[in-house]
Every structure is written in C-alpha cells, then in structure tokens.
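Visitor: I have some time to go through this model. Can we take it piece by piece?
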Amino acid sequence: MSFAVIPKYRNVVDKKTIEKIKAMSKEHLALVSKIEYLEADVDRLTIITQALWELMQNKIGIKESELINLVEEIDLRDGKLDGKMSKPPQKCSKCKQSVSVKTNVCFYCGHKEVS
Ligand SMILES: [Zn+2]
C-alpha cells in the first residue's frame, strides 16, 4: 500500500509575480535612498539657514517679527499661505486648458509649452 504523504510541490507564486516583487523591492530601496539623500539636504539647509539668521540678527539687528512677516509675504506670492512656493498652473497656448506643472505638457491636447 502506498500513500502520497508528501504533497507534490506546486508554485504558489508564479515567476511573473516574483519578478514584480523583485522590481518593487529595487524601487523601494531606490526611494529610501532618495529620501535619505533629501533628509541630509534638509538638515544641511536648516543649519545654513540658522547660521544666516543668527548673522542677520547679530550683525544687522533684524528682528524676528521682520523675518516672520517677510516669510509670510513670500509664501503668499503664489496666492496661498501654505508654507510652499508653488508655481501657478499655466494655461495651454493652443486650447487654454491646464498644463502640467511638472512636464509643461497640456493635459487635454498634449501641446508642450516652452518655458
Ligand atoms: Zn492644450
């Protein structure tokens, strides 16, 4: 008498899925590396900003309220007080619809604006 005690091996995850997972892992690592690079940039820029601020206070006597007011004024240049310096969206010169801020390509007709 013989019984099939050990089930025959079957692929639970197919090769295509495994390749997708590998590609996602590579993309994940690339994104983590990019975030670490950006965090290092933010730290460096924060130190430089602090140094410039202390120089301005000590050498020129600028008050904190003046800095706060100017930061707010600059933030409002794009029409929104949101802590960002956004570029206002352009209108397509051909169809007058919105153009992608990142690519300068019209969402509707595909025309590429030259900036
Ligand atoms: Zn267009």
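Guide: A definition to start with: a salt bridge here is a side-chain nitrogen of Lys or Arg within 4 Å of a carboxyl oxygen of Asp or Glu. In this predicted model, R77 and E73 form such a pair, with the closest N and O atoms 3.7 Å apart.

Visitor: How many salt bridges does a search of the whole structure find?
Guide: The search finds 3. Besides the pair of R77 and E73, D41 meets R44 at 3.3 Å, N to O, and E19 pairs with K22 at 4.0 Å between the closest N and O atoms.

Visitor: Where do D41 and R44 lie?
Guide: Both D41 and R44 are in helix α1, 3 residues apart, or about one turn of the helix. D41 is partly exposed with 24% relative accessibility, and R44 is partly exposed with 46%.

Visitor: And where are E19 and K22?
Guide: E19 and K22 also lie in helix α1, with a separation of 3 residues, about one turn. E19 has a relative accessible area of 47% and is partly exposed; K22 is partly exposed at 47%.

Visitor: Why would side chains like these pair at all?
Guide: Side chains of opposite charge can pair when their charged atoms come close.

Visitor: Switching to the metal. Which residues hold the zinc ion?
Guide: The protein donors are the SG atoms of C92, C95, C106 and C109, at 2.3 to 2.4 Å from the zinc ion. Along the chain, their spacing is C-x2-C-x10-C-x2-C.

Visitor: What is the arrangement around the zinc ion, and why?
Guide: It is tetrahedral, because the 4 donor atoms subtend angles of 100 to 121° around the zinc ion. The cut-off for that label is that all angles lie between 85 and 135 degrees.

Visitor: What does the pair of C95 and C109 tie together?
Guide: C95 and C109 are both donors of the zinc ion. Each lies in the segment after α2 (64-75), so the pair ties together parts that are 14 residues apart in sequence. C95 is partly exposed, at 29% relative accessible area, and C109 is partly exposed, at 42%.

Visitor: Last topic. Which residues form the nonpolar patch on the surface?
Guide: The patch consists of V12, V13, I18 and I21, with about 370 Å² of accessible area together. V13 sits in the segment before α1 (15-60) and is partly exposed, at 38% relative accessibility.

Terms used. Residues numbered from 1 in each chain as written. Predicted model: local features only at pLDDT ≥ 70, side-chain atom pairs only at ≥ 80, totals over all residues. Heavy atoms only, no water. Donors = N, O, S within 2.8 Å, 3.2 Å for Na, K, Ca; no water. Tetrahedral: all angles 85-135°; square planar, octahedral: opposite > 155°, others 65-115°. Helix = DSSP H or I, 4+ residues; strand = E, 2+ residues; numbered from the N terminus. Buried < 20%, exposed > 50% of the residue type's maximum accessible area, 1.4 Å probe, protein only. Patch = residues over 30% accessible without salt bridge, like charges linked within 9 Å, V, L, I, M, F, W, Y side chains within 5 Å. Areas by Shrake-Rupley, 256 points an atom, 1.4 Å probe, with all protein chains shown as cover.
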